Structure formats: C-alpha cells, structure tokens
Amino acid sequence: MKVLVLGGTEFVGRAVVEEALGLGWDVTVFNRGSHEPPAGVTALRGDRTAAGGLAALEHGEWDVVVDTWSWAASAVRDSASLLAERAGHYVYVSSRSVYAEPLPFGADESAPVVAASADDDDASDYARNKAGAELAAVAAFGERALLARAGLIIGPYENVGRLPWWLSRIARGGPVLAPGPADLGLQYVDARDLAVWCLRAAERGIGGAFNVVSPPGFVTMRELLETCVKVTGAEAELRWVEAEVILAAGVTPWIQLPIWLVGEDYDYMHGGDVSKAVAAGLRLRPVAETVADTWAWLLSLGGVAPMRPDRPLKGIDPGRAVEARLLCC
C-alpha cells in the first residue's frame with residue numbers, strides 16, 4: 001500500500017507514519033519541513049495555507065491519504081479536491097468535538113454536528129474547523145472518505161500536554177491532588193491504536209464517520225493515576241479530593257487537571273458510543289503500555305514534552321500553591 005500522510009512529524013501524524021512503516025507500506029509525507037521526517041519516508045515540502053503551496057502534490061498516486069489538519073477547513077477542501085482522482089481513500093482524523101452541545105452520554109455517530117462549511121477560512125473555532133474539514137473530505141471522496149472522530153488522544157509524542165503533565169507531576173513525588181471520584185470512567189485512544197485502525201480500515205475500503213476511542217469506562221481515573229505512580233517509580237501519594245471541593249477552589253477541569261471532566265462536559269468527552277468502530281476492528285492496548293511508553297519517550301526528551309503553540313498550557317501552576325491549599329483541607 002502507498003500512503004500519503006499530510007503532516008507526519010508530530011503526535012498522531014507521526015504515529016500514522018511509524019505504524020504504516022511497520023506494516024511495510026510505502027510512505028510519503030507532505031509538510032512545511034519544520035520538523036525532520038522519520039527515516040524511511042519520501043518527504044515532500046509545501047505550505048497548505050500559501051498560494052501554490054500544494055504544488056508538490058500535483059503529481060503522484062496513493063492508495064490512502066491520511067490528514068490530521070486542525071485549522072481552517074478550506075485547506076482540507078483544497079488538498080482533498082486535488083487528490084480525489086489520484087488517491088483511493090481519504091482518512092480525515094477528525095474529533096468528537098464536531099458534535100453539537102449538549103451531547104448525552106452514550107451518543108453515537110448519528111448525533112447532530114455543529115454548523116460548518118468546507119469553504120471556511122477562519123481557523124479560530126476548533127469544532128467548526130473539524131466539522132468543515134469533514135464536509136470537504138466527503139465532498140471530494142464521497143464514500144471513500146473515512147472520518148475518524150477521535151476524542152482524548154494520548155501516547156508517545158503527545159504535544160498537547162495531558163498525560164505528560166500527570167507523569168511529570170507524579171514524578172516530582174509527595175502528595176498529589178487526585179480529582180474524584182476515583183472510579184470515574186475514562187474514554188481515550190492511544191495514538192498508535194488510532195493510527196493502526198485508520199490504516200487498516202482504509203485498506204479495507206471502509207468509509208463514513210466513526211467514534212474512534214475506547215469504550216466508556218475503559219479505565220478509571222484511579223487506574224490511570226496509579227499506573228503513572230507505578231511507571232515513574234515516584235514516592236507519590238495520591239490524595240483523592242471531591243469534585244465539588246476542587247471546583248469551589250476555582251480549578252478548571254481539563255486544563256488545570258488534564259483528562260478530568262465533570263457534568264455535561266464529562267458526558268460529552270467520556271461517554272461516546274464506539275460500538276461501530278469496535279465492530280470495524282478497533283483494538284486497544286492496555287493502559288499500562290500507553291503510560292509506560294509515554295514516560296519512556298518523555299525521559300528521552302529530558303522530561304519536557306513539546307507543546308503545540310495553539311493549545312493552552314496544561315496543569316496546576318506549582319507556584320500558585322493551589323494544590324497545596326486543597327491538600328491541606
């Protein structure tokens with residue numbers, strides 16, 4: 001199989017490249033060249049946002065295109081329309097953020113999505129970006145478009161700062177604020193499992209929209225954080241604090257305490273019906289493997305993970321003593 005990865009050097013794109021190489025596929029990556037591509041790929045250069053920036057893609061044929069674009073939908077419109085006659089399948093790594101709020105626990109792919117346009121040049125609204133890009137992929141490829149609506153994505157190369165923050169915080173040791181309830185079920189996908197599923201589904205000619213994350217409650221908050229303690233070998237003590245107490249202190253779920261959510265936001269992010277993707281072959285590795293591999297990667301970087309400049313910094317600022325105040329109550 002010949003695969004073209006639009007991007008391919010960071011997080012999900014890099015996972016796609018490495019998994020495709022592992023499958024023995026012929027891999028081409030297209031990006032601006034700001035990061036070195038993995039060994040063993042053909043590298044094409046171009047800027048999707050610039051006039052004439054897709055020139056390097058005007059020739060060539062591929063069985064599968066994988067696109068992880070997160071900004072203005074018009075860029076996906078332009079690339080998908082350019083490749084429609086020379087590529088077999090277009091995989092767009094979308095997001096469950098495309099669903100309109102409120103989204104009830106247990107919602108599947110038939111839930112309403114936000115209003116969007118494939119021609120949108122405004123990159124300021126993430127949900128609309130992703131929904132518009134889905135429209136662009138389908139307009140160009142029809143049933144040959146696969147829309148992988150991921151939710152929380154973790155694993156090695158994460159440049160968003162969620163699991164890396166928890167690992168770094170726990171590695172410092174001492175009492176650690178653990179947001180309750182401890183048995184809160186979580187829903188996520190390892191970027192590598194997402195990548196393999198996308199490649200194999202495209203190989204089989206599968207199209208349409210899929211929620212591509214673990215089943216609800218795949219692990220609990222306790223299991224995740226206790227795994228972080230075990231993997232890091234830290235002298236850390238998880239101290240579980242009720243959600244109401246944390247919220248009253250002004251701590252923001254998802255941002256200051258990554259992964260953790262409450263109320264309707266919890267239902268939205270951690271309650272999706274994924275039976276369609278599971279039936280289509282989605283397989284998930286144990287949480288211990290994801291956490292251990294992420295920690296090993298983080299250590300290889302000296303303990304500091306890269307961060308996307310368009311995403312807010314995650315975690316409680318240790319200099320503001322918010323965590324200490326909550327732990328002493």
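Tyr-157 sits in the loop between β7 and α4, where helices (H or I, at least four residues) and strands (E, at least two) are DSSP runs numbered from the N terminus. Tyr-157 is not a glycine, yet its phi is positive, at about 75°. At 18% relative accessibility, Tyr-157 counts as buried, which means under 20% relative accessible area, with exposed over 50% and partly exposed in between (1.4 Å probe, protein chains only). This is a predicted model: local features need pLDDT of at least 70, side-chain atom pairs count only at pLDDT 80 or more, and totals for chains, interfaces and linings use all residues. Residues are numbered from 1 along each chain as its sequence is written, and side-chain values use heavy atoms, with hydrogens and water left out.

**Helix α4**

- The buried residues are Leu-163, Pro-164, Trp-165, Trp-166, Leu-167, Arg-169 and Ile-170.
- They pack against β7 (153-154), β8 (174-179), α6 (221-232), β13 (236-241), α10 (287-300) and α11 (322-327).
- Leaving aside neighbours within four places in sequence, Ile-170 is in contact (heavy atoms within 4.5 Å) with residues including Val-176, Leu-225, Val-229 and Leu-238.
- Just after α4, Gly-173 has a positive phi of about 80°.

**Nonpolar cores**

- A nonpolar core is a set of buried Ala, Val, Leu, Ile, Met, Phe, Trp, Tyr and Cys residues joined through side-chain atoms within 4.5 Å.
- The largest core has 81 residues, of which Val-3, Trp-166, Ile-170, Leu-194, Trp-197 and Leu-257 touch the most other members.
- Helix α5 (residues 191-203) supplies the largest share of this core, 8 residues.
- A second, separate core of 25 residues includes Trp-62, Leu-83, Ala-118 and Ala-133.

**Other backbone features**

- Ile-259, in the loop between α7 (243-248) and α8 (263-270), also is a residue other than glycine with a positive phi, near 80°.
- At 1% relative accessibility, Ile-259 counts as buried.
- The peptide bond from Glu-101 to Pro-102 is cis, with omega near -5°, and Pro-102 is in the loop between β5 (87-95) and α3 (126-141).
- The bond from Gly-180 to Pro-181 is cis too, with omega near 0°, and Pro-181 lies in the loop between β8 and β9 (185-186).
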